[in-house]
Amino acid sequence: MHQRPLPMDNLRRLSSAEEVEAVVGRPAAMVMRKQIGVLDAGCRQVIAHSPVAAFGYRDVNALARTTFVGGTPGFARVHTPTRLSFPVAAPAVGRGPVSLFFLLPGVGEVLRVNGTAAPLRSGETAVDITEAYVHCAQAVIRSGLWEPPVRLQPAAPIAGDGPLAGPGLGDFLAASPFLALSTWDANQGSDTSPRGDQRTVLRVHDGHTLLLADRKGNKRADTLHNLLQDDRLSLAAVVPGRSGVLHIRGRAAITDDPALLRTMALRGAAPHLALVIDVEDAAICGNDALAHARLWAPDARTANGPAPDMMALSSAHLAAGSTESGRVAGWLIKLVASVPGVSRLMRKALHRAYVSGLRKEGYDEARAPAGARHGDAPQELDVAAPWRPVRVHGVRQETPTTRTLILEDAGEAEPFDFRPGQFFTLLTDIGGRPVRRAYSASSAPGATRLELTVKHVEGGCLSTHIHHGLRPGDRLAVRGPSGTFHAPDDAAGQLVMIAAGSGITPMMSMIRTRLSDPTATGRIDLLYSSRRAEDIIFRDELARMQKDHPGQLSVTHVLSGTEGRLDVEGVHRWVTGLPLTDTAHHYACGPISLMDTVQDVLHRLGTPAERVHQERLPPA
């Protein structure tokens, strides 16, 4: 039976710290002693391994902002124990309190860092540290953040004409289980914390209002106390496997209204509080940090070597905090934590307690973070796929600067199974040292030969070797497939593709796969930018396939050397000139500047975010 929405104006709202503590309680002293005022060796190790962080700040116009920064491990540079810096895309960061939490793929705990921001001449933002500590894994466990991404389901349209009624927002909200929430207090303090919930973390009341459950935790209620002093907040929500981010800014009130809390119950267990968020602005934007970090790729958890032991780091911080407070417990904690295997046992026990407690709250699907299930130590975060020995069957020159490697098994031939658009990691020995790079498959899956198309990059170690050193019969190894950029399973839907340069490679795999399927009916439209005619990769094959499949494949070439680069007007004109269907999936692969252009055009056209897929090529 459909339940009528509750009126928001009549809800009981909490207005004092005493009222909040009466519900939440006060955090144990042990929780507060885990906080330190510098970036110690353990913090620096986490920052060096983390490929992305949530960042809450106020811009130069004093507007609250939350976004994700980074893209590669070590994106943040630690200058001193009390200062770090990192690049931030616009809007520019204003001076004042900021906060971050650093994510490690497959790990439940996050490192939270608070401080004060100051812009640097280099274009980076510096943060002077005031506190750092390890945050528990409950938000990640609740959200299933590191579980395999699931297929998105369309959501019911959002009623009304508020900020949430924009194109694609309802579907994104319905699919997002995890977000970063930023708040500020009245004493130059900031807090950005992870929030997660089962299937969807934010519940829509109407076009202006969102509800966020505040469930039981470690009683460190920084967000709630901040909102009592300053009700402004911002948040950034994500959908696992996607690089788009939903940015929301607004004001929030805290409520313990029983009728409202019952609507947010899981298996009869209601949250103890909820935030009622009056949304002032909401928009879905592409995020370079998430796109480049590839958080949900199978190799993301092992690409940067063994991950830091967050449990050991938390114990070290607790020991330091206890020692500084003059308690004898400090040396005892250090002694116990130094015993081999203790950190592993503590992690297992804590995750077991987390999962048990969450299942009692109604989280039937709660599981320990993916990394914690694969072994006893953090360096065993994932069981990486084994390297597959292959040899070069042949080499095909596509353009003066691009060639295709045709690989086959070095032993008994087996098919290469992958989803069209995914990539493989290639490994070989150059000058006595192993070198590995990721390249998208350009062939269709299921064959006993795999084709990787590689463009020569000046100064590129492996691409130079491929172009000038490799010969038929040479042996290498591949691992994969990897990546979430791939064609949909449905062969009936329309594919709209925009590529530049070597960005055609994953598209070619999708095109070859679709056109080789006699049951496929979906139309393919490709806009492909190359510098000159002789630089068009797969030029002859694209022309032949377009001739052999009239009405199913349409290719439009743009030569940037004579016609200029694709801009917003050019992409808009091409997309709006297509016979688009409501179920079309849009794929774009190329330089970051082109991806931003495509994202802007499709957003303005109201294309649902779940039907936009991007693979951004880093600068050469």
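Rings of Phe, Tyr and Trp (its six-membered ring) count as a pair if their centres lie within 6.5 Å, with planes under 30 degrees apart called stacked, over 60 edge-to-face and the rest tilted. Keep that in mind for Phe55, Tyr57, Phe75, Phe86 and Phe102, which form one aromatic cluster. What you're looking at is a predicted model, where local features need pLDDT of at least 70, side-chain atom pairs count only at pLDDT 80 or more, and totals for chains, interfaces and linings use all residues. Residues are numbered from 1 along each chain as its sequence is written, and side-chain values use heavy atoms, with hydrogens and water left out.

Let's stay with the rings. The structure holds eight aromatic pairs. In one of them, Phe55 and Phe86 have ring centres 5.1 Å apart and planes at 90 degrees, so this pair is edge-to-face. Phe55 sits in strand 2 (residues 52-58) and Phe86 in strand 5, so the pair ties together parts that are 31 residues apart in sequence. Strands here are DSSP runs of E, at least two residues long, and helices are runs of H or I, at least four, both numbered from the N terminus. Phe86 also pairs with Phe75: their centres are 6.3 Å apart and their planes at 75 degrees, so that pair is edge-to-face too. Phe75 comes from the loop between strand 3 and strand 4, so here the linked parts are eleven residues apart in sequence. Phe55 is buried at 0% relative accessibility (buried means under 20% relative accessible area, exposed over 50%, partly exposed in between, with a 1.4 Å probe and protein chains only). Phe75 is buried as well, at 9%.

Now for the strands around these rings. An open sheet of seven strands runs in the order 3-2-6-7-8-5-4, with antiparallel pairing (two strands pair if DSSP finds at least two bridges between them). Strand 3 (64-70) and strand 4 (77-80) are its edges, each pairing on one side only. Strand 4 is joined to strand 5 (residues 83-87) by three bridges in the antiparallel sense, and Arg77 stands opposite Ser85 in strand 5.

Zooming out, the protein chain has 17 helices and 26 strands, and 53% of its 620 residues are buried.
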